[in-house]
Amino acid sequence: MSFTYVSASVPVLTSVSPNSGPAAGGTTVTLTGTGLTTTTAVRFGATPATSFTVVSDTHVTAVAPPGTGTVAITATTPGGTSNGLSYTYSGAPTLSGISPNQGSTSGGNTVTLTGTNLTGATSVTFGGTPATSVTVLSATQITAVVPAATAGPVDVTVTTPGGISALAKSYFYVSPPVLAGVTPPSGPLSGGNTVTLTGSNLIEATAVRFGATPATSFTVVSDTRITAVVPAGSAGLSSVTVTTVGGTSNPVSYTYLAAPGITTLVPNQGSTSGGSTATLTGSNFAQTTTVRVGGAPTGFTVVSDTHLVADIPAGAAGPVDVTVTSPGGTSTPAVYTRVASPNI
C-alpha cells in the first residue's frame, strides 16, 4: 500500500466578529483568516462550536456554545490548529432603576440607568424608540438621552452582548403644561395678592414665574388649577408661566398696576345735603373699582386714566377723606369739606 503526503499549511485567524456574546451561547460569529478551506473543527476554549460553516478559504462562520469568561477561539484543519482569538462571554444585563423616571414628551433630557452587566451596551430604548445617545459609564451605570414620545408610561430596555433587560412601565412621558388664563389679571406693584391660574397638565408644577421672578408661593389645587402669591414687580405687563417635568407652559399676561394718585379735587367743598359731584385729576384711574367719600363707597365715572367724576353723598359738616381704589391699590386721600347751610 502506498501513501501520499500532502503539504497543508497551519490555518491563521486574524479577526472574529462579534468578539462577545451571551453566556447561553447561540451567537453566530465570523472568523476571518487564511487556510480555512479544510476546517474540521472550531473550538471556543475546549468546547466545540455548536456548528460551523466554511464560507471560503478566508471565512468561517460558527455558532458559539454556552460558556463563561474569556476564551480563545481556534480553527483546526489537517494542517494543524490556528492561533487563538479572544471571545468574551457576557453575563445577561439587569436593569434595577432609572433616574429621573419622568420627563417631557419632547425628550432631550438625560437619565441614568443602573443595573448589572451593562458594559458593552449597544442599545437603550424607550417604548421601543432608541435613545438619542447612550454612554456606558461602568458595568453598573449608563446615561441615555431620552427620545420624544407621546404621554404615558413606557418600558425601558437595554441590550448588551449578554442579552436584553427591560424595566416595564418604568419611565413616564409628561405632556407640557398649558395655561388658559390668570384671575385677577392685574394687581399692585408690591405683589402679595393671590391669583388663580387655569389650564391643563398643571398637577406636577415645580415653579410659577412672573417674568423671571418666582411666585412668592404657589399651591397646586388640581391638574387644571394653581393658586399663586404674586411677587413684587414693575408697572406693566408680565408673562406668567408654569413649569413641570413636562416643560414650561405658554405665557399668559398679568399687569402690574401702580396705585391711583389724586392731584386735585374740584370742588373740594360743598353742602351737607350732598347731591353734587367733584372732579378728581391724577393718575392710574383707568381701572378704578371703588371711590370712597368719608369711608363710604359712592358712585363714580371714569373719564380717562387721569380724570374721574365722583358723586358726593350727604353727610355731616366737616372734612372727609376721598380715596380711589383699583387693582393697583388705594390712593392717598384728598380732603373734601362739607359745609352746613347758614341758619337765617
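Because the model is predicted, local features need pLDDT of at least 70 and side-chain atom pairs count only at pLDDT 80 or more, while totals for chains, interfaces and linings use all residues. Residues are numbered from 1 along each chain as its sequence is written, and side-chain values use heavy atoms, with hydrogens and water left out.

I begin with the core. A nonpolar core is a set of buried Ala, Val, Leu, Ile, Met, Phe, Trp, Tyr and Cys residues joined through side-chain atoms within 4.5 Å; buried means under 20% relative accessible area, exposed over 50%, and partly exposed in between, with a 1.4 Å probe and protein chains only. The largest such core here has 18 residues, and Val124, Phe126, Val156 and Tyr171 have the most contacts inside it. At least two of its residues come from each of β11 (94-99), β13 (110-116), β14 (123-126), β17 (141-145), β18 (152-160) and β19 (163-174). Strands are DSSP runs of E, at least two residues long, numbered from the N terminus.

Consider Phe126 next. Not counting residues up to four places away in sequence, Phe126 touches, among others, Ile98, Val111, Ala144, Val156, Tyr171 and Tyr173, where contact means heavy atoms within 4.5 Å.

Thr157 lies in strand β18. Its side chain and that of Thr125 are joined by a polar contact of 2.3 Å. The criterion is a pair of N or O atoms within 3.5 Å; within protein, one must be able to donate a hydrogen and the other to accept it, and residues adjacent in sequence count only if both atoms are side-chain atoms.

I turn now to the aromatic rings. Rings of Phe, Tyr and Trp (its six-membered ring) pair if their centres lie within 6.5 Å; planes under 30 degrees apart count as stacked, over 60 as edge-to-face and the rest as tilted. The whole structure contains six aromatic pairs. One of them, Tyr171 with Tyr173, is edge-to-face, at 5.1 Å centre to centre and 80° between the planes. Tyr171 counts as buried because its relative accessibility is 0%. Phe210 and Tyr254 also form an edge-to-face pair, at 5.5 Å and 85°. This pair links distant parts of the chain, 44 residues apart: Phe210 is in strand β23 and Tyr254 in strand β29.

Finally, Gly107 lies in the loop between β12 (102-104) and β13. Gly107 and Pro147 are 40 residues apart in sequence, yet 4.8 Å apart in space, C-alpha to C-alpha.

Notes. Helix = DSSP H or I, 4+ residues; strand = E, 2+ residues; numbered from the N terminus.
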